[in-house]
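Reader: I would like to go through this model by way of a few specific questions. Please show it before we start.

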Amino acid sequence: MVMDVALKKALIEDCAKVITAHADELTSLDQAIGDGDHGVNMKRGFESLLADADALAARPLPDMLKAIGTQLVMKVGGASGPLYGTLFLSLAKEIGEAPNTENARAAFASAIEAVKARGKSEVGQKTMLDVLAPVLAAWDNRAGLAAHLSETARQAADATIPMKAIRGRASFLGDRSIGHMDPGARSSSLLIATIAKHFGA
Amino acid sequence: MANVGIVIVSHSEKVAEGAADMVRQMVGDAVPLAFTGGNSEGGLGTDVGRIMEAIDRAWSDAGVAVLVDLGGAETNTEMAIEMIDETKQQRIVICNAPIVEGAVIAATEASGGSPLDIVKQTAEELSPQ
């Protein structure tokens, strides 16, 4: 499908709104097990996308995703800037101008591999990958796919609570990272739920 | 051929600046040297744009060796390298070494005119194998 300008703009605006609305929550999650900057960093990045929403939405989908990725790399900082930036830059390369569900799934699969490489991380290490990978695994041909993926993301973020961090700053805490939701998993599930809403969830 | 340049990337501008001061005092001005630390708002962190600028300031045709501190500094430096002109990318390396000692040792090696791979190798001999 070709995504029209209004849909692209609404996606950017709503993703920015959800990150801004949850910035304090993301920060407190990150204060528990990281360096406490995830909320403020993500908010800064997504506010810069919001400020550019009209220009971004006017671009073809791959160009828009590339611009979003570059902007997140430059504005978010921390470790999440390059990780989310890499996710969007990889999607931009693979998705094509008018993706069907299968194209989108394949692009998402490549993007997850790119995030793994950037973070030198694997599934099961209490990171954003522990939301992204289950969502990919749940991505099938069912009716009501968007709602299914949204719910999968929510449950997967919850499932990071008992995990022990192996990558990132949280890994310094060892067993003490157990019992807290991973902030990157939370921000990923928020974004996936927000995007899914526009596709029928 | 010019000497290899050294770039220091820390989460803290003070750490980066202090490490650079030590390099200047112990090695002198024979190597191009740049440092960056902190995020775009002056807090602790690392910033891809600033890292790209630091690599540019320390640029040498012999290449640039980058010393980093904690994880995000490495991730952001890798991202910065990928966003730099492709013809330069292969002449930029990240040294897996302690940031202060690594910067001094790498700069010492570079000041004698050693090529980039030797500079990197010498710095990395400091890391536990």
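Reader: In which sense do strand 1 and strand 2 of chain B pair, and over how many bridges?

Author: In this predicted model, strand 1 of chain B pairs with strand 2, residues 33–37 of chain B. One facing couple is B:Val7 and B:Ala34. The chain gets from strand 1 to strand 2 of chain B by way of helix 1 (residues 13–27), in a right-handed β-α-β crossover. The sense of the pairing is parallel, and the number of bridges is 5.

Reader: Which residue stands opposite B:Val9 in strand 3 of chain B?

Author: Strand 3 of chain B covers residues 64–68 and runs parallel to strand 1 of chain B, with 5 bridges joining them. Within strand 3 of chain B, the residue opposite B:Val9 is B:Val68.

Reader: Is strand 1 of chain B largely enclosed, and why, or how many of its residues are buried?

Author: In a regular strand, side chains alternate between the two faces of the sheet. Here B:Gly5, B:Val7 and B:Val9 point one way, while B:Ile6, B:Ile8 and B:Ser10 point the other way, and all are buried. Strand 1 of chain B (residues 5–10) is therefore largely enclosed by the rest of the structure, the count of buried residues being 6 of the 6.

Reader: Is B:Asn76 buried or exposed?

Author: B:Asn76 lies in helix 3 of chain B, residues 71–83. Apart from neighbours within four places in sequence, B:Asn76 is in contact with residues including A:Gly77, A:Gly78 and A:Pro82 of chain A, and B:Thr46 and B:Ile51 of chain B. The cut-off for buried is under 20% relative accessible area. B:Asn76 has 0% relative accessibility, so the class is buried.

Reader: What relative accessibility does A:Leu83 have?

Author: A:Leu83 belongs to helix 6 of chain A. Leaving aside neighbours within four places in sequence, the contacts of A:Leu83 are A:Val115, A:Arg118, A:Gly119 and A:Met128. A:Leu83 counts as buried, with a relative accessibility of 17%.

Reader: Which helix of chain A gives the largest share of the lining of the second largest pocket?

Author: The second largest pocket holds about 920 Å³ of space. Of its 33 lining residues, the closest to the centre are A:Ile95, A:Ala104, A:Trp139, A:Ile195 and A:Phe199. By class, the lining has 30 nonpolar, 3 polar and no charged residues. The largest share, 5 residues, comes from helix 10 of chain A.

Methods:
Residues are numbered from 1 along each chain as its sequence is written. Chains are lettered from A and ligands numbered from 1 in the order in which they are written. This is a predicted model: local features need pLDDT of at least 70, side-chain atom pairs count only at pLDDT 80 or more; totals for chains, interfaces and linings use all residues. Side-chain values use heavy atoms; hydrogens and water are left out. On a 1 Å grid over the protein atoms alone, a cavity is a set of points where a 1.4 Å probe fits but cannot get out, and a pocket is an open set with protein on both sides within 12 Å along at least five of seven lines; lining residues have an atom within 4 Å of a point. Grid points are joined across faces, edges and corners, and a volume is the space filled by probe spheres set on the points. Helices (H or I, at least four residues) and strands (E, at least two) are DSSP runs, numbered from the N terminus. Ala, Val, Leu, Ile, Met, Phe, Trp, Tyr, Cys and Pro count as nonpolar, Asp, Glu, Lys and Arg as charged, and the others, Gly among them, as polar. Buried means under 20% relative accessible area, exposed over 50%, partly exposed in between (1.4 Å probe, protein chains only). Two strands pair if DSSP finds at least two bridges between them. A crossover is right-handed if, with the strands pointing away from the viewer, the path from the first strand over the helix to the second runs clockwise. Contact means heavy atoms within 4.5 Å.
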